[in-house]
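Hi everyone, thanks for coming. Let's have a look at the model together, and then I'll walk you through what I found in it.

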Amino acid sequence: MPPKPTRKKYFKTIKSKKILLPVFFPDATRAVLKTLDSKDIESTHTPGILVNTYHLHNNPGIQTIKLHKGISNFMSWSHGIISDSGGFQIMSLAKKFGGENSVTDKGVKFKQTKNTDTLFTPQKSIQIQMSLKTDMVVVLDDFTTPTANYQKAKETVDRTILWAKICKKEFEKICKQQKLNKKNRPYLLGVVQGGEYLDLRKECTQKLVKIGFDGLGYGGWPLDKDGQFNYDIAKIIAKYSPKNYLLYGLGIGKPDEIVNCVDLGWQIFDCVLPTRDARHKRLYVYNADSINKINIRQEKFYSYFVPNKEKYYRDTKPVSTACDCLLCTKYTRSYLAHLFKIKDMTAGRLATIHNLRFYSILMEKLQNESR
RNA sequence: CCAGCGGUAGCAAAGCGGUUAUGCAAUGGUCUGUAAAACCAUCCUAGGUAGGUUCGACUCCUACCCGCUGGA
């Protein structure tokens, strides 16, 4: 038996910093991780973040970012940064409000924005991302809506492939212009579409590999109508990806889903869950007394703590003893419940810091396993 | 003692002679490449007390109790 081929161990930034894989990058969509500043993020041991090309294009606009020579200086974040292409907004904004017709082979027309006249194109997405100077650039993909039938899923695959070629070409062009070599250029990520249809996912994966990328993303919506994660898609993309490819689960996921995906070879994740849940009073808590005793391989290794119950108003315990974040080391459940009740912004900050530390501990545990 | 106004659910606060007020609180739930520090659901015999009118009263009438304001 030949030794099992292993995937990349590190994510390299354009400044040649090495970030140990697997990683979770929370979403700082608009160049801010809601309620936190960069120093807060560092305190959670979060190695990188995700920003969004489409949102930053609208606000503050690329000229402002260029004044700072990139998003890293703009938000004073010196660690990993991935830029999402704006593909997700094709589903969440364009198709939702403008219908299927808002997307053509040329690009996307977004309604209800100040840029209604201009078309958001694959070229533009890459150009903006290169100006952001992020560590990974993601191709613009045509998002498969959760309800897409085979025909529609097929169309999004075709368009995703078409756009992937255009994006790759634009990427190479800009790299040449800026004299970026293999060492200081960002990763380029292709995105696999195809809805729930495994043959389309396979086809899309193979065609993207033929074009050539540094990694592939699990695109589209990863959950079925009952909210169950589709691991078959994760398997088939991994199966047909070269072993030196980075595998990135876009918008994934719950802690247990991340553990399962890591087992299938996936290495990079981002998701709004820890940050949005924090603002919505859902805190992730390990079912353990201390960080050392956390066992991410036990069936239910975590639960939710929701500090809006009357019984917590006088609870002097910390949120979790298996956590070393600001909230858990300095404050009680009672205080957090109080802050949420009076709707003070500090509640969101402390809860976000906690949830991000939960995720970074999860990733540290997973990193330790593969050593 | 007189006059005016008022008394509605844990709290606040409306309308109405018949049919869900509503908000807060409480309780349960949702959230997956962020139009979300948001949203959804539930909330029990609510009518100060005792009578009266009426087919039917939280609503109209009478008396009483309590509160606020003004007056003697």
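**A walk through the model**

I'll begin with helix H6, where the buried residues are Pro122, Lys124, Ser125, Ile126, Ile128, Gln129, Met130, Ser131 and Leu132. Buried here means that 20 or more other C-beta atoms lie within 10 Å of the residue's own; exposed means 12 or fewer, partly exposed is in between, and C-beta atoms are placed from the backbone. Helices (H or I, at least four residues) and strands (E, at least two) are DSSP runs, numbered from the N terminus.

A word on the source before I go on. This is a predicted model, so local features need pLDDT of at least 70 and side-chain atom pairs count only at pLDDT 80 or more, while totals for chains, interfaces and linings use all residues. Residues are numbered from 1 along each chain as its sequence is written, and chains are lettered from A and ligands numbered from 1 in the order in which they are written.

Back to H6, which spans residues 122–132: nine of its eleven residues are buried, so the helix is largely enclosed by the rest of the structure.

Now compare helix H10, residues 255–263. Its buried residues are Pro255, Glu257, Ile258, Cys261 and Val262. They lie on the same side of H10, because they cover an arc of only 155 degrees around the axis; that arc is taken over the directions from the helix axis to the C-beta atoms. Just after H10, Gly265 has a positive phi of about 105 degrees.

On to the sheet. It is open, with eight strands in the order E3-E10-E9-E8-E7-E6-E5-E4, and the pairing is parallel. Which strands stand at the edges? They are E3 (23–24) and E4 (48–52), each with a single partner strand, so one side of each has no neighbour in the sheet. Two strands count as paired if DSSP finds at least two bridges between them.

Let me zoom in on E5, residues 80–84. E5 runs parallel to E4, and five bridges join them. Ile49 stands opposite Ile81 in E5, and Asn52 has Asp84 of E5 as its bridge partner. On to strand E6 (residues 136–138): E5 pairs with E6 in the parallel sense over two bridges, and Ser83 has Val137 in E6 as its bridge partner. Is E5 covered or exposed? Mostly covered: five of its five residues are buried. Gly80, Ile82 and Asp84 point one way, Ile81 and Ser83 the other.

Next, the nonpolar core, by which I mean a set of buried Ala, Val, Leu, Ile, Met, Phe, Trp, Tyr and Cys residues joined through C-beta atoms within 7 Å. The largest one has 95 residues, and Ile49, Val51, Leu189 and Leu336 have the most contacts inside it. The element that gives the most to this core is H14, with eleven residues. There is also a second, separate core of nine residues, with Phe88, Ile90, Ala94 and Phe110 among them.

What about the RNA? Of the 46 residues around RNA strand B, Ser92, Gly251, Gly253, Val272 and Arg279 come nearest; a residue is near if its C-beta atom, placed from the backbone, lies within 6 Å of the strand. Two or more residues each come from E4, helix H5 (87–98), helix H11 (273–279) and helix H14 (345–369). H5 provides the largest share, seven residues. By class, the surface near RNA strand B has 15 nonpolar, 16 polar and 15 charged residues. For those classes, Ala, Val, Leu, Ile, Met, Phe, Trp, Tyr, Cys and Pro count as nonpolar, Asp, Glu, Lys and Arg as charged, and the others, Gly among them, as polar.

Most residues other than glycine have a negative phi, and most peptide bonds are trans. Here, a cis peptide bond joins Leu21 and Pro22, with omega about -5 degrees, and another cis bond joins Asn59 and Pro60, with omega about 10 degrees. Pro22 sits in the loop between strand E2 (18–20) and E3, and Pro60 in the loop between helix H2 (53–58) and helix H3 (62–67). Lys179 has a positive phi near 55 degrees and lies in the loop between helix H7 (150–177) and strand E7 (187–192). Lys179 counts as exposed, because it has 8 C-beta neighbours inside 10 Å.
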